[in-house]
Structures are given as structure tokens and as C-alpha cells.
Amino acid sequence: MTTQSAAMPAFNPATTGPALTASLAVTLIAAATIAGAWFFQLVLEILPCPLCLEQRYAYYLAIPVGLLTTLAARGSAPRPLLLAGLAILALAALANAGLGAYHSGVEWGFWKGPTDCSGPVVNLGSATDLLSRLDTVKVVRCDEVQWRFLGLSLAGYNVLISLLMAAIAAWGFAATAKR
């Protein structure tokens with residue numbers, strides 16, 4: 001065995017544990033989801049509504065927390081630290097699934113959404129301001145679906161992805177707690 005191979009042990013999922021596997025999986029799923037959201041926004045020009053933007057917050061949290069938890073698991077950090085990271089990932093994903101379900105309900109007309117993105121426009125400003133803003137602003141309503149695939153909107157897919165991330169983080173938490 002050389003000195004370098006002793007300093008840099010090979011990656012072995014069986015020995016690194018479920019905390020590493022779960023946190024890495026959640027991080028990769030969150031990064032892929034945000035990349036997909038940006039693709040829809042920047043390439044396909046499907047602009048997000050305010051609720052869509054709020055649903056991104058959980059992913060913006062999950063990427064750094066997942067990465068830090070992954071690094072902590074790789075470095076054999078104390079179990080309470082790993083459990084805290086996995087708990088944050090699971091709770092953020094569950095909260096995001098709830099927000100996505102709320103948004104889906106707004107899209108399907110089950111309940112009213114926030115007035116700032118699904119209610120009537122109450123302040124148009126002056127006529128000159130309105131005319132200049134109409135040329136540059138596209139209003140994206142939360143209660144109008146811009147894209148569906150297999151009957152689900154992007155908010156619906158967010159629910160499924162968030163539940164998957166929560167399940168993975170919960171599995172990692174439970175398996176790490178048993179060790």
C-alpha cells in the first residue's frame with residue numbers, strides 16, 4: 001500500500017453509510033430539478049409565477065445542506081450532525097411538497113391562490129406608466145397552467161420530486177439512527 005492510497009481511501013458505498021448515500025442523492029436530485037426549472041424558464045421561456053419561485057427555495061436550501069451533509073458523512077462526522085442534516089433535508093422537502101400541492105390546487109381551481117398572482121389587478125398606476133410597463137412585463141398568473149405533461153403541471157411534478165427527496169432523506173435518517 002502506498003502512502004497516497006492510504007491518504008485517499010476509495011469510495012465504497014457499503015462502508016460510507018446511508019447518510020452519505022441519501023444526502024448525495026437528495027443533492028443531485030435538487031440540482032437536477034433546479035437545472036430543469038432554469039431550462040424551462042431560460043430556454044423554453046416558460047416564466048415562473050410567484051408560487052413557482054417560492055417552490056425553488058427548498059431546492060436552494062437542499063443543495064448546500066445536502067452537499068455539506070455529504071461531505072460530513074464522507075469525513076465520518078458525528079452521527080447527530082448527520083441526523084440534523086438529513087432532518088433538515090426531509091423537512092424542507094416535505095414543506096415544499098405541501099407548497100407544491102397548494103399550488104396544484106390553485107391551478108386546478110380547488111381553492112383560491114394568493115391575490116398577488118391569481119387575483120384581480122388593483123393598482124395599475126398612471127396611464128403612461130401602464131403603457132410603458134405593458135411592453136416589458138409579462139404577468140404570470142399562479143392559477144393558469146403554462147405546461148402539462150401526462151396531466152401534471154410543473155407544480156404537480158414538484159410535489160412528486162419533493163416527496164421522493166423527503167423519502168430518501170427520511171430513509172437516510174432512519175438508517176443512520178439505527179447504526
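The secondary structure of the protein, taken from a predicted model, comprises eight helices and two strands, and these elements follow one another along the sequence in the pattern α-α-α-α-α-α-α-β-β-α. Of the 179 residues in the protein, 35% are buried. When contacts between residues at least 6 apart in sequence are considered, 78% of them join residues at least 24 apart.

The packing of two helices was examined in further detail. Two packed helices are described by the angle between their axes and by the distance between the axes. For helix 3, which spans residues 18–43, and helix 4, which spans residues 50–74, the axes come within 8 Å and cross at roughly 150 degrees. Because angles over 145 degrees count as roughly antiparallel, helix 3 is roughly antiparallel to helix 4. The crossing in which helix 3 passes helix 4 is left-handed, and the residues of the contact between these two helices divide into 15 nonpolar, seven polar and two charged.

Within helix 3, the position of S23 was also considered. With a relative accessible area of 0%, S23 falls under the 20% limit and is therefore buried. Leaving aside residues up to four places away in sequence, S23 touches G66, T69 and T70, together with L86 and L89.

Definitions and conventions: Residues are numbered from 1 along each chain as its sequence is written. This is a predicted model: local features need pLDDT of at least 70, side-chain atom pairs count only at pLDDT 80 or more; totals for chains, interfaces and linings use all residues. Side-chain values use heavy atoms; hydrogens and water are left out. Helices (H or I, at least four residues) and strands (E, at least two) are DSSP runs, numbered from the N terminus. Buried means under 20% relative accessible area, exposed over 50%, partly exposed in between (1.4 Å probe, protein chains only). Contact means heavy atoms within 4.5 Å. Axes are lines fitted to C-alpha atoms, for helices over the stretch in contact, and angles run from 0 to 180 degrees between N-to-C directions. Angles under 35 degrees count as roughly parallel, over 145 as roughly antiparallel, 65 to 115 as roughly perpendicular and the rest as oblique. A crossing is left-handed if the near helix is turned anticlockwise from the far one by less than a right angle, and right-handed if clockwise. Ala, Val, Leu, Ile, Met, Phe, Trp, Tyr, Cys and Pro count as nonpolar, Asp, Glu, Lys and Arg as charged, and the others, Gly among them, as polar.
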